[in-house]
Every structure is written in structure tokens, then in C-alpha cells.
Amino acid sequence: MTLTDKVNGEIAAAMKSKDQVRLSSLRMLKAAIMNKGVEKKKDLDDAEVLQVVASLVKQRRDSIEQFAGAGRQDLVDKETGELKVLEEYLPPAASAEDIAAAVAAAVAETGATTPKDMGKVMKAVMAKLMGLTVDGRTVSELVKTRLTK
């Protein structure tokens with residue numbers, strides 16, 4: 001069963017259970033998957049669907065941050081509900097230890113010593129953490145502190 005099929009099945013289940021937050025989140029996800037499929041002119045495989053989910057999760061996190069700063073708790077709550085539903089489709093998150101170990105290994109591999117080498121290190125770290133959900137901002141901060149020491 002593909003992720004797209006799973007989303008479609010869960011939309012039906014959300015309709016039956018009358019879970020409006022889940023239903024609207026899944027419909028938004030399905031629309032994003034369909035739009036990306038139209039853009040690429042083919043059905044998306046699971047890896048491409050995961051990229052769509054990851055981008056929607058990132059959008060939700062950014063929105064929550066901005067709405068919280070503007071004092072719009074109603075919108076923060078809405079986005080948080082959508083975020084919880086979307087995160088169910090992401091692979092497990094990388095632990096802080098995993099990220100730190102990947103950064104250390106990438107710095108050693110690339111021989112990076114200055115912040116100018118950050119791009120090479122980031123690419124190596126993200127390759128090592130492939131298959132796990134990783135916040136790029138967290139990795140970037142770790143790499144930056146490691147290279148400025």
C-alpha cells in the first residue's frame with residue numbers, strides 16, 4: 001500500500017468518525033500530493049510523497065512560529081493540529097545523539113575547519129541521516145558551532 005493509498009483510506013475513516021481537523025489536514029495533504037503529481041506529470045512514489053509531507057510540516061512549523069509571535073493563538077492551535085496529523089506520515093525523527101554523531105563524522109570526513117566549509121558538511125550530514133526526519137535548522141546550528149570553535 002502506497003502512502004497515497006493510505007492517505008485516501010484515512011480520509012474516508014476521518015469522514016466516518018467526523019474528525020474535522022484530521023479530515024481537513026488529510027485533504028490538504030492529498031491536494032498537495034496531487035498538485036506535485038501534476039507538476040511532475042506522473043504519479044508520485046513514496047519518497048516523493050514524503051518530500052511533500054516534509055515541506056508541509058516545515059510550512060506548519062514556520063506558520064506556528066509567526067502566528068505565536070503575532071499573538072494569534074487560534075491560528076497556532078489550528079496549525080498545531082494539522083502538524084500532528086502530518087507528522088504521522090514522516091519517518092522517525094533523528095535523536096540529538098544521532099545528529100551530533102553525524103556532524104562529527106561529516107566534519108572529520110570532509111576535513112572542514114572553517115565556516116566556509118559549511119555547505120560540504122551539511123551535505124554529508126544530511127546524507128548520513130537519510131531516512132530519518134531531521135530539522136535542517138538544528139543541523140545547521142550544530143555544524144556552525146562546530147566549525148567556529
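Predicted model: local features only at pLDDT ≥ 70, side-chain atom pairs only at ≥ 80, totals over all residues.
Local features were considered only at pLDDT of at least 70 and side-chain atom pairs only at pLDDT 80 or more, whereas totals for chains, interfaces and linings use all residues. Residues are numbered from 1 along each chain as its sequence is written, and side-chain values rest on heavy atoms, with hydrogens and water left out.

When residues up to four places away in sequence are not counted, L26 touches V7, E10, I11, A14, V85 and Y89, contact meaning heavy atoms within 4.5 Å.

The axes of helix α6 (residues 118-128) and helix α7 (residues 136-147) come within 10 Å and cross at roughly 130 degrees, where axes are lines fitted to C-alpha atoms over the stretch in contact and angles run from 0 to 180 degrees between N-to-C directions. The two helices are therefore oblique to each other, the class left once angles under 35 degrees (roughly parallel), over 145 (roughly antiparallel) and 65 to 115 (roughly perpendicular) are set aside. In this contact, M118, V121, M122, V125 and M126 of α6 meet G136, V139, S140, V143, K144 and L147 of α7, and the residues divide into 8 nonpolar, 2 polar and 1 charged.

A106, in helix α5 (residues 96-110), has 0% relative accessibility and therefore counts as buried, the cut-offs of relative accessible area being under 20% for buried and over 50% for exposed, with partly exposed in between (1.4 Å probe, protein chains only). A106 and V121 are 15 residues apart in sequence and 5.6 Å apart in space, C-alpha to C-alpha.

Most residues other than glycine have a negative phi. K18, in the loop between α1 and α2, has a positive phi near 55 degrees and, at 66% relative accessibility, counts as exposed. K41, found in the loop between α2 and α3, has a positive phi of about 60 degrees and, at 76% relative accessibility, likewise counts as exposed.

Methods:
Helix = DSSP H or I, 4+ residues; strand = E, 2+ residues; numbered from the N terminus. Nonpolar A, V, L, I, M, F, W, Y, C, P; charged D, E, K, R; others polar.
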